[in-house]
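Colleague: I would like to learn how to read the packing and the open spaces in a model like this one. Could we take them in turn?

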Amino acid sequence: MSVSPNPQAPAESGSIGNLPKHVAFIMDGNGRWATARGLPRTEGHRQGLEALRKTIRHAGKVGIRIVTIYSFSSENWNRPATEVSFLMGLLKRFVQRDLSELHEANVRIRVIGGRSDLEPGILALLEEAEDLTRKNTGLDLVVAFNYGARDEIVRATQHLAQRVKDGDLRVEDISEDMVSHALDTGGLPDPDLIIRTSGEIRLSNFLLWQAAYSEFYFCDLNWPDFDEAALDEALSCFCNRERRYGGVDAKAL
């Protein structure tokens, strides 16, 4: 997987300007893509991984600084055991096949989500990806694995409550910034743009706190069909929006 080692570099001639720095993806529709073609759901996940490779490559090429992917939610464990097993196998193959190339491309990987109940082999894979790329300075790839936003907020709240209990923090000193820092994404800017595929129009327990002022883009494409042109269309839509953060449109003044 080739990713531009310099995400700050200008995009190529004819590409989109004023890009979002942080784009998050809800990669939905793998199963529907496969079902529509009379294929097993596992083939949809396999093709979805190929779409992910294209997306990361193109994001780095055009100059996006941070990409966050909703790879496996805490609710996905409720899927059939055979499907979960296949997804874990895909994770292993992704690390084995792509990690060295991402590292060579200066991509830094960060994993968010609960870790306390993960199987040791899976946890070791995630930590290997983080440890190998920790000092890289290019595109940040944030992987939401075993992730649920409500769980994330609960864990952050528990952390702050423990600090209060220990006498390290006063209740009245808790601020929005402090809560943000206690989240799994602490230290990262909130996503400017959240893209969801397959025609669904909801967040599905993804980045609930961080999405407060994100722009949303929903498209009917199933994730395996999402490609460079689809990403460019989403970015173009973003660039034509005015972000007011609760303020007033300058044209209305």
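**Helix pairs, pockets and a cavity**

Colleague: How do the axes of helix α2 and helix α7 cross?

Modeller: Helix α2 (residues 41-62) and helix α7 (residues 228-239) cross at roughly 50°, and their axes come within 9 Å. Axes are lines fitted to C-alpha atoms, for helices over the stretch in contact, with angles from 0 to 180 degrees between N-to-C directions. Helices (H or I, at least four residues) and strands (E, at least two) are DSSP runs, numbered from the N terminus. This is a predicted model, where local features need pLDDT of at least 70, side-chain atom pairs need 80 or more, and totals for chains, interfaces and linings use all residues. Residues are numbered from 1 along each chain as its sequence is written, and side-chain values use heavy atoms, without hydrogens and water.

Colleague: Which word describes the α2 and α7 pair?

Modeller: Angles under 35 degrees are roughly parallel, over 145 roughly antiparallel, 65 to 115 roughly perpendicular, and the rest oblique. α2 and α7 are therefore oblique. Lys-54, Thr-55, His-58, Ala-59 and Val-62 of α2 make the contact (heavy atoms within 4.5 Å) with Glu-228, Leu-231, Asp-232 and Leu-235 of α7. The contact of α2 with α7 has four nonpolar, two polar and three charged residues. Here Ala, Val, Leu, Ile, Met, Phe, Trp, Tyr, Cys and Pro are nonpolar, Asp, Glu, Lys and Arg charged, and the others, Gly among them, polar.

Colleague: At what angle do α3 and α4 pack?

Modeller: Helix α3 (residues 81-104) and helix α4 (residues 120-133) pack at about 10°, their axes 11 Å apart. That makes α3 roughly parallel to α4. Their contact has nine nonpolar, two polar and two charged residues.

Colleague: What volume does the largest pocket have?

Modeller: On a 1 Å grid over the protein atoms alone, a pocket is an open set of points with protein on both sides within 12 Å along at least five of seven lines; in a cavity a 1.4 Å probe fits but cannot get out, and lining residues have an atom within 4 Å of a point. Points join across faces, edges and corners, and a volume is the space filled by probe spheres set on them. The largest pocket has about 850 Å³. Of its 39 lining residues, the closest to its centre are Met-27, Tyr-70, Ser-71, Phe-72 and Asn-76. α3 gives the largest share of this lining, seven residues.

Colleague: How many cavities of 30 Å³ or more does the search find?

Modeller: The search of the whole structure finds one. The largest cavity holds about 50 Å³ of space, and its lining includes His-22, Asp-190 and Gln-210.
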